[in-house]
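Please load the model in a viewer and keep the selection panel at hand.

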Amino acid sequence: VSNVAGGHIVEVEGYLLSEEAAQKLAAREQAWAQQPAGFHGAVGSTDVRYSRGDVPQVTGEKEWSGTAWRGERVNAQFVLWTADGAAQTRLVVSPLRSEAGEIPAACVEARFVRYVLADGQLVADVIDTAGRLDIPARTARPVWVTIDVPADAWPGTYTGTVTAAAAGGKRAEFGLRVEVLPAVLPPPSEWTFWLDLWQNPFALARYHGVEPWSPAHFAVLEPHYRMLAEAGQKCITTTIVHQPWGTQTFDPYESMVEWICHADGTWSFDYSRFDALVELAMRCGIRGAINCYSMVPWGDTFRYLDAATGDYRSIHAPPGTAEYARHWRPFLMDFVEHLRSRGWLGRTAIAMDERPAEMMKPMLALLREVAPELKVALAGGNEPELKDH
């Protein structure tokens, strides 16, 4: 033990740790040393992210109990841990049965929770689709269970099991008990809560290694949009300019509309990507609004294709300037007619993200003059002087 800058530094197996960290490490090792060999599990809390390297702080309860309306989805979390490791761990669910009937096993899903690096620490975050995982020695692994109660299920108490099985005959079995109440939750399409989780199709293209806007890309997108619709999603995130947020996001947003300036100064606009994405989202059940980002992007810079040269060019045009009005007027008039032809005009909004009132007001003045049919959406702080817009 040495004293460095007033704090104690301890060397543990070649690593220099603070005395506090060394004490935590020693307590962790002692907790694992006290665990019997084999596979262990218990009911956890859906409000807790369980550490990968610690023995879980749980009561040891083996059965989860909950209540649900008919048509509701409820969730449970269990935690597995092992001092000596568990290879090829897989999860098996049973139907939930009662005297009144059965909730099929297809309505019960058990998945592992994966860990990700966040601020230099491993954090339980991703609900995984892996069919089986190896659980290393002296680690924990949460299991997330989802129960979709059918809307036509009879009220009553249903019971079933979730079993974690690993190589060598290691098993941990948990009970599920859900009381189904008489009330019926309407389908997500009828929910009035306005859910708007932004979508980034470019991130999915990069992650899955597919060409943006290719059939493979849309095949990857579809299950995500269907999952959002099942959560009650109301808004479709679209982009009408190049990188409306600059490069703030790891996968920058490209424009879904190609702006084309011709040699005679006239404009044309290719909406094929915009249309394809909106059609996909609507087909998946998201039909509340089409939010278009943005007439006030970060940096006030707008990219377009020069048809004469084939080069992309940019114009810097802050809201309220003559250049801004000249740039946006032809697009807005054309966009309104395109939306009208598709039957989408009444649900489309020009959307802004954290734009101050002094930038929004000249934009709104131009929008109301040229395209008063378009709605306006703002993700940002409360701006009382803008609320009527």
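By class, 15 nonpolar, seven polar and seven charged residues form the lining of the largest pocket; Ala, Val, Leu, Ile, Met, Phe, Trp, Tyr, Cys and Pro count as nonpolar, Asp, Glu, Lys and Arg as charged, and the others, Gly among them, as polar. The model is predicted: local features need pLDDT of at least 70 and side-chain atom pairs 80 or more, while totals for chains, interfaces and linings use all residues. Residues are numbered from 1 along each chain as its sequence is written, and side-chain values use heavy atoms, without hydrogens or water.

The volume of the largest pocket is about 940 Å³. On a 1 Å grid over the protein atoms alone, a pocket is an open set of points where a 1.4 Å probe fits, with protein on both sides within 12 Å along at least five of seven lines; lining residues have an atom within 4 Å of a point. Volume is the space filled by probe spheres set on the points, which are joined across faces, edges and corners.

Next, select Arg-111, Ile-127, Pro-223, His-224 and Met-227, the closest to the pocket centre of its 29 lining residues. Then colour helix H3 (215-230), which gives the largest share of the lining, seven residues. Helices (H or I, at least four residues) and strands (E, at least two) are DSSP runs, numbered from the N terminus.

Finally, select strand E13 (139-148): nine of its 10 residues are buried, meaning under 20% relative accessible area with a 1.4 Å probe, protein chains only. E13 runs antiparallel to E6, joined by 10 bridges; there Gln-77 stands opposite Trp-144. E13 also pairs with E10, antiparallel over five bridges, where Ala-110 has Val-145 as its bridge partner. Pairing requires at least two DSSP bridges between two strands.

How values were computed. Buried means under 20% relative accessible area, exposed over 50%, partly exposed in between (1.4 Å probe, protein chains only).
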